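Subject: The structure you asked about

Hi,

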Amino acid sequence: MDPDRVIDEFKQTGALLEGHFQLSSGLHSTVYLQCALVLQFPDKAEMFGHAIAQEFSNAGIQLVASPAIGGLVIGHEVARALGARFIWTEREAGEMTLRRGFTVSPGERTLVVEDVITTGGSTRDTSEALKRAGAEVVAAASIIDRSGGSAEVGVPRVALATLKVLSVEPEICDACKLGEPAVKPGSRKRAT
Ligand SMILES: [Zn+2]
């Protein structure tokens, strides 16, 4: 799938906003991503799921696993396209764990799927939880990679589109220097 097409779908659904944002970390960024806004449309989720699945059509994937909540919709679509099982991990007291009676067969060939990879932390933690349960984690995937390709997750990784999104302290933010107010994503105020 053409990365530009992926980005267009995000922009058209408001899932990728360009402007001047204050992130929950307190850092400022010129881009805000909210994958839920594109994944609310099942046909688009299905299309991204197929595109990721295509990359692994000969990998013998038996299981797709995703970190909740962000990975649930896309992970499910990838699993459907691969004819694989789908389970998810959740944080419990900070540690990524398998709950709800989910089990893994020894050596089960597993693909970890997230909506967006930033540092790779959630994918790594999910991968570790699956390995502890006995799975063989063979690869990882996301719709968007916002690390610019630098996130390491310990297994081969693919993304449908890659962004290099700089987040900076407000003190050195260019937009702040121009006197533009920063928008908090999730508030009703929309950036233009
Ligand atoms: Zn700023």
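Which residue just after α4 takes a positive phi? G83 does, with a phi of about 65°. Before going further, please keep in mind that this is a predicted model, in which local features need pLDDT of at least 70, side-chain atom pairs count only at pLDDT 80 or more, and totals for chains, interfaces and linings use all residues. Residues are numbered from 1 along each chain as its sequence is written, and side-chain values use heavy atoms, with hydrogens and water left out.

**Helix α4**

Helices and strands here are DSSP runs, numbered from the N terminus (helices are H or I with at least four residues, strands are E with at least two). Helix α4 spans residues 72–82, and its buried residues are I74, G75, E77, V78 and A79. Buried means under 20% relative accessible area, exposed means over 50%, and partly exposed lies in between (1.4 Å probe, protein chains only). An α-helix has 3.6 residues a turn, so residues three or four places apart point the same way. The cover over the buried residues of α4 includes the helices α2 (36–39) and α3 (42–54), together with the strands β3 (63–67), β4 (85–92), β6 (109–117) and β7 (136–145).

**The sheet**

Six strands form an open sheet in the order β5-β4-β3-β6-β7-β8, and their pairing is mixed. Two strands pair if DSSP finds at least two bridges between them. At the edges are β5 (95–98) and β8 (157–162), each of which pairs on one side only. From one strand to the next, the twist averages 25°; axes are lines fitted to C-alpha atoms (for helices over the stretch in contact), and angles run from 0 to 180 degrees between N-to-C directions.

Eight of its nine residues are buried, so β6 is largely enclosed by the rest of the structure. β3 and β6 run parallel and are joined by three bridges. L63 has T110 in β6 as its bridge partner, and A65 stands opposite V112 in β6. β6 also pairs with β7 in the parallel sense, over eight bridges, and here T110 stands opposite V137 in β7.

Leaving aside residues up to four places away in sequence, S142 touches I52, E114, D115, V116, I117, V158, A159 and L160, where contact means heavy atoms within 4.5 Å.

I144 also lies in β7 and is buried, with a relative accessible area of 0%. Beyond residues up to four places away in sequence, its contacts include V6, I7, F10 and L33. The C-alpha atoms of I144 and I117 are 6.4 Å apart, although the two are 27 residues apart along the chain.

At 17% relative accessibility, T97 counts as buried.

**The zinc ion**

Which atoms coordinate the zinc ion? They are NE2 of H20, ND1 of H28, SG of C173 and SG of C176, at 2.0 to 2.3 Å. Donors are N, O and S atoms within 2.8 Å of the metal (3.2 Å for Na, K and Ca), and water is not among the atoms, so sites may look incomplete. The arrangement is tetrahedral because the four donor atoms subtend angles of 95 to 125°; four donors count as tetrahedral if all angles lie between 85 and 135 degrees.

Along the chain, the donors follow the spacing H-x7-H-x144-C-x2-C. H20 lies in strand β1 (residues 16–22) and C176 in helix α6 (residues 174–177), so the pair ties together parts that are 156 residues apart in sequence. H20 counts as buried at 6% relative accessibility, whereas C176 counts as partly exposed at 29%.

Best wishes

Key
Tetrahedral: all angles 85-135°; square planar, octahedral: opposite > 155°, others 65-115°.
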